[in-house]
Every structure is written in structure tokens, then in C-alpha cells.
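User: I'd like to learn how to read helix packing and nonpolar cores in a model. Could you walk me through an example?

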Amino acid sequence: MPLRAHLRELRRRVVLAALGLVVGAVVGWFLYEPVIQLLSAPLNQAAEARGGLVILNYAGVATSVDVAVKVSLFLGVLLSSPWWIYQLWAFVTPGLTRTEKRYAIGFVAAAVPLFLAGAATAAWALPNAVRILTDFTPDGAGNVIDAQLYLSFVMRLILAFGLAFLLPVVLTGLNLANLLQGRSMLKGWRWAIMLAFTFSAVMTPTPDAITMIVLALPICGLYFAAVGLALLHDRRVDRRRLAEGLPRLDGTVPDEVPAGR
């Protein structure tokens, strides 16, 4: 496809993903009350642990409406994740063969649980983060937290880890499209581990190392799982190319195989 066609395809996929997000946000609007209670639960737990005041503060007249819209959009991203993940995959891997597309269905089916697993991992770490941070409040003082700032922090944390857990799907898609080889991914394993721990350290505001390690280890494991799948795919492609008289993906040719045609 020429560059202009790629840009048109990108625009089409973005529009479709946005429409799915809007539909999910409409559904999320009706789920606002139970979700806001769920997101506020870590504050209630922190208040019980401290024996002090830890509450959300809706400072402005329209703040409650702004918060409701933000939470609805946040729920829209979660609820429409199967749709926009499919649009992402469809754009990254448009030229797969029929056999490779069958594999792609499995990878897309795995992407949604991975995204939700990342979101759940962040949600699991959230109460501990809130408890540790509110423990710095001096005795006798209350902690009145701005609702918009708190919810923005919570939603950014959950979405960031959900997207981080999608890394193996994106890497696998690039590998199936022959844009990234498994050997290249394997060579960069040190950088991958460093970035995983850096990402976890930045996204988890708690000073303890245990939370950072617990969040970074699944990302590292998923990266190496993607490397293993990529290496298996490259081996199958190399065998097929050699049988057709073509060089391997890295350009090398065994002595007994012609250089190509």
C-alpha cells in the first residue's frame, strides 16, 4: 500500500475506534454511581486505617458533572476494548496470509484479557498506594483530596498498565507482518527489562520496591512470551523461504540453497 493509502486506513480505523468508544461511554454513563463508589473505596480504607478524615472534595459547581463525564469515558475505554484492540490489530497486520490471520484471531482474543489483566493489576495496587501516601498526613489533620485530581490519577494508572500488558500483542503483530524479527527482540531484552521497571516505578507513586517489582514482573514475562512466539514464527517462515529458494529473513543463505530467484 502507498503512504496515502496507509493514512486513509489509519483514519478509518481511528474513526471506527472512536465510535466504539462513544458507545462504551454512553453505557458507562449509566454505570457511574457504582463505579465511583468502587474507585473511592481505597480512600475509605485509608480513612479507617488512619482513623482520620480522607474524603473526595468536589470543589466547583460543575465538578461533579466533569467527573461523571471523565469516568464515563474511562469506562468507555474499558468496555469497548475488544473493538478498538481489533482496530489496532487490523491496522498493524493488514497483509497477512489466510493461515496467519487464523493465528491473529487467537492473538486478538488474548489481547482483551491481557488489557483487563493489566487494569486489574493496577487496581490491585491502588489501595496500597493510597494507604501509603495518606499515611504521610500529620496526626490530627484531615486529607481532603480534589476529586478530579484523584480520579485522573486512578484512571491514568489503570489505563497505563492495561496498555502496557498489550505489548506482547503489538510485538507479535509486528512480527507476523515481518516488520520485527524475534532475534531483534531477544537482543533488546536488557532494554525491555529496564523500561518495564522504569515504567512501573514512574506509574506507582508508592516508595516501596515490592509494589514496583510485582507490577514489573508480569510485563517482563509477557515480553519474553512475545519473543518466544516471534522466534517460532520466524523459524517457520525461514523454513518456507528456504524451501522456495529464498534467503532467510535475516538475508543469510545456506550453501546448499540458491540465493533466490
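Analyst: Happy to. Two packed helices are described by the angle between their axes and the distance between the axes. Here, helix H3 (residues 63-79) and H6 pack at about 5 degrees, with axes 10 Å apart. Axes are lines fitted to C-alpha atoms over the stretch in contact, and angles run from 0 to 180 degrees between N-to-C directions. Helices are DSSP runs (H or I, at least four residues), numbered from the N terminus. This is a predicted model: local features need pLDDT of at least 70, side-chain atom pairs count only at pLDDT 80 or more, and totals for chains, interfaces and linings use all residues. Residues are numbered from 1 along each chain as its sequence is written, and side-chain values use heavy atoms, leaving out hydrogens and water.

User: How are H3 and H6 oriented to each other, and which residues make the contact?

Analyst: H3 and H6 are roughly parallel, the word for angles under 35 degrees. Contact means heavy atoms within 4.5 Å; among the residues making it are Val67, Val71 and Phe74 of H3 and Leu151, Met155 and Ile158 of H6.

User: Which residues have the most contacts inside the largest nonpolar core?

Analyst: A nonpolar core is a set of buried (under 20% relative accessible area, 1.4 Å probe, protein chains only) Ala, Val, Leu, Ile, Met, Phe, Trp, Tyr and Cys residues joined through side-chain atoms within 4.5 Å. The largest has 51 residues, and Val71, Tyr150, Leu151 and Phe161 have the most contacts inside it. Helix H6 (residues 147-164) gives the most to this core, with eleven residues.

User: What does Val71 touch?

Analyst: Leaving aside residues up to four places away in sequence, Val71 touches Tyr32, Val35, Ile36, Leu151 and Met155.

Conventions: Buried < 20%, exposed > 50% of the residue type's maximum accessible area, 1.4 Å probe, protein only. Helix = DSSP H or I, 4+ residues; strand = E, 2+ residues; numbered from the N terminus. Parallel < 35°, antiparallel > 145°, perpendicular 65-115°, else oblique.
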